[in-house]
Amino acid sequence: MSISYRKRGKNKTWDYRVFDKQGVVIASGSGFKTKKEAMYEAVEIERKRLLTTVFTPKATLYELWIRWHRLIIEPSKLAKSSKDKHIQRGKVIKENFGDMQVTQITHSQYQEFINDYCDRVLVDQVRRFNKVVKAVLLMAQRDGALIADFTDGVKFEGETSRKKAADKHIRSMEEYENLLIELKKRISESDSITPCILYLYFTTGFRPGEGAGLCWPDIDFEKMVIKTYRRYSGDSNSFYPSKNKWSERVVPMSAELAAVLKQLQHRQERMLLEKGISNPENLVFFDWLYGVPTSTAISKYLNRVLKDMGYEYKLTAYSGRHSYGSYLLAKKIDIWVVAKILGHKDITQLMETYGHLLQEIEKEGYQEIRELLAI
């Protein structure tokens, strides 16, 4: 590949021509005031052409994913569980687009795959998969590859959850409040940290990883607030980043939660002194024998408590978050305030998760308006 430049015409402007190896003109441009301007455009075309010829046309989507995964995911601080999910997405790409050159994949073909994938797994999983494919294509494009983004405008239709929204959380305020009473009772009767972390989940809306990653300096007992800016995996015993920038937030702490945490702090200080061990990360929910409990262990404990109380629920550690959100909305806390406390960008997720509850609140609001205007 070569480039030639000429100064021509009455205005003495510059033009360029780009030739392939056979001497055939493959690109040209004219009307540049200086040779340098012509060179900038011609060299950029040559660079993209070289990258496209060498790298893109024959590359499969899976090959591009391997490169993206090696450069972006492997060196990241993501938890092992998150990295394993990325590997699984790579397998899906290989199984469905293994030998197909990326330039041959059309939008309609990809949409057909997405439709089929939505029939097999939850829509959120498909959206995350699509986000990865889009990131892979974007990296290739930034390298100069002339490929179309076939993920652009793709539609997702399918199940959003295996569970009904109402099955994700405690369904009545009375049962929710009774659970908090039971957890406080178990906290006072046991040295286990599990009822303490559950009490936190059900009174702050923290995600399990956020609660597990809580350190003592993150708690401000004077201002009665707790900040969260990262997550912790009990499986790998390591920190990893927040889900997104909106997840980094400060949430209010009740007097009851403050009392629970202070009790836990005194207990922990005594335990560390007696055992002669340290808590290097200053983790709040640190057990000298088991470390930070896993979400699986917390979920099993929660369901044992609910069963002992006579409640027929099968919840997870994440249910504390959903129950707290439901409780706040039922208590008429402004939906935008709830969204901020839970770390949502906007109220969209709340509308999807608590739609049934919001409809009830909406009906009550209508009646209040009728009575307000009864003049």
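Which helix holds both arginine 186 and glutamate 182? Both lie in helix 6 (residues 173-189), four residues apart, or about one turn of the helix. Helices here are DSSP runs of H or I with at least four residues, numbered from the N terminus.

Before going on, a quick word on the model: it is predicted, so local features need pLDDT of at least 70 and side-chain atom pairs count only at pLDDT 80 or more, while totals for chains, interfaces and linings use all residues. Residues are numbered from 1 along each chain as its sequence is written, and side-chain values use heavy atoms, with hydrogens and water left out.

Side chains of opposite charge can pair when their charged atoms come close. In a salt bridge, a side-chain nitrogen of Lys or Arg sits within 4 Å of a carboxyl oxygen of Asp or Glu. This structure has twelve of them, including these:

| Arginine | Partner | Closest N and O atoms |
|---|---|---|
| Arginine 6 | Aspartate 15 | 3.4 Å |
| Arginine 120 | Aspartate 116 | 3.2 Å |
| Arginine 186 | Glutamate 182 | 2.8 Å |

Now for how much of each residue is open to the outside. Buried means under 20% relative accessible area, exposed means over 50%, and partly exposed is in between (1.4 Å probe, protein chains only). Glutamate 182 comes out at 17%, so it counts as buried.

Arginine 120 and aspartate 116 sit in helix 4 (residues 107-120), four residues apart. Arginine 120 is partly exposed at 43%, and aspartate 116 is partly exposed at 38%.

Note on methods. Helices (H or I, at least four residues) and strands (E, at least two) are DSSP runs, numbered from the N terminus.
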